[in-house]
Amino acid sequence: MADDDALLPLPLDAALPEAAAVDDDALTAEAAEAVQKGWSEATHRAYDEDWKKFTAWCAEHGRTPMPATGATLASFVTHLTRTTDLSPASIERVLGSIQGRHRAADLATNAKAARMVIKGHRREWAQAGGRRKRARAITTADLRAMLATRPENTLAHLRDRALVLLGYAMLARRSELAGLDVADLSFTEDGLEVFIATSKTDRDSRGALVQVTYGTHRLTCAVRTARAYTDALAAAGITSGPLLRGVDRHGRPAGTPETLIRGSGRMSGDGINRVVKAMAADAGLEGVSAHSLRSGPATAAARRGVDRSEIAAQGRWAESSTAINAYIRPAKGWEHNMLRKLDL
């Protein structure tokens with residue numbers, strides 16, 4: 001046979017060489033790693049938090065988290081609809097996180113009952129106006145009252161004041177605050193530049209630079225407070241890594257060999273929310289959460305006539321975003337209410 005004959009196609013009835021037994025639906029190790037890198041760090045943290053909440057609930061109720069039965073999934077989802085203010089979409093994400101853990105372990109889940117619970121929750125959510133109870137849009141007076149509850153220059157009090165002031169000045173999401181590192185803060189003559197590596201609307205993690213100007217009053221100046229806090233961290237030997245950290249009962253920052261708190265020390269979004277709620281409660285304020293740090297300045301700025309584009313830029317909303325209307329419309333509604341033009 002000539003060498004060229006080896007290049008001719010095989011007859012249709014010719015036996016093909018037996019293929020090695022490979023699962024065509026399984027990713028290679030390299031592909032699995034590449035897929036994991038496609039998710040942002042914030043997304044990984046959110047999924048980890050979802051799994052921790054699920055396993056904690058299972059432990060409390062004597063259920064097995066993996067493999068989880070359909071009844072367990074439905075019962076946990078019902079628990080979320082009754083005890084939290086999570087939207088149907090957020091609960092869908094939690095359920096997806098749990099199913100993702102099972103798929104990674106090559107375990108199947110039956111989520112039909114759980115999805116029926118979510119379907120009912122979506123109907124109730126729509127009947128209630130399609131939105132959760134809104135966090136209070138705190139005013140500057142509210143902010144001062146909260147800051148006054150943490151008057152000392154201990155590391156814990158400095159952290160709490162820096163957390164609240166940075167959140168308010170940046171119109172920050174709690175996930176953005178949780179993701180900040182010490183290196184993300186740059187102090188300049190004009191104030192402070194904060195680099196947000198990734199956020200909810202920054203799917204490609206391009207990052208955003210937020211400028212924070214000096215405040216007129218020392219108590220409400222985010223720049224001076226952030227400087228005092230980072231100086232305190234440096235005095236404790238921390239000049240890199242997570243910015244907002246846990247602090248143990250001896251006043252030592254988490255993430256160091258000496259601390260009683262293990263791990264990297266980085267505060268979670270839930271941890272940040274707890275700090276904000278605690279400060280508000282100490283100040284006698286109701287309905288305040290971490291989201292108040294975002295809604296408060298947006299609403300206050302709208303009332304003072306700040307252009308929508310400026311509010312959107314500081315809060316990292318797209319100018320075409322409808323989400324920002326939730327803060328601007330209530331403010332404008334009072335100013336331009338038609339009843340003001342009637343002789344009542």
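Which residues in helix 6 meet which in helix 7? Before the answer, some ground rules. This is a predicted model, where local features need pLDDT of at least 70, side-chain atom pairs count only at pLDDT 80 or more, and totals for chains, interfaces and linings use all residues. Residues are numbered from 1 along each chain as its sequence is written, and side-chain values use heavy atoms, with hydrogens and water left out. Helices are DSSP runs (H or I, at least four residues), numbered from the N terminus.

Now the answer: Thr140, Leu143, Met146 and Leu147 in helix 6 meet Arg161, Val164, Leu165 and Tyr168 in helix 7, where contact means heavy atoms within 4.5 Å. By class, that contact has six nonpolar, one polar and one charged residues. Nonpolar covers Ala, Val, Leu, Ile, Met, Phe, Trp, Tyr, Cys and Pro; charged covers Asp, Glu, Lys and Arg; the others, Gly among them, are polar.

Next, helix 3 (residues 70-83) and helix 4. They pack at an angle of about 150°, with their axes 11 Å apart. Axes are lines fitted to C-alpha atoms, for helices over the stretch in contact, and angles run from 0 to 180 degrees between N-to-C directions. Therefore helix 3 is roughly antiparallel to helix 4, a term for angles over 145 degrees. Leu73, Phe76, Val77, Leu80 and Thr81 of helix 3 touch Ile91, Val94, Leu95 and Ile98 of helix 4. That contact has eight nonpolar, one polar and no charged residues.

Lastly, just after helix 4, Asp106 has a positive phi of about 60°.

Notes
Helix = DSSP H or I, 4+ residues; strand = E, 2+ residues; numbered from the N terminus. Parallel < 35°, antiparallel > 145°, perpendicular 65-115°, else oblique.
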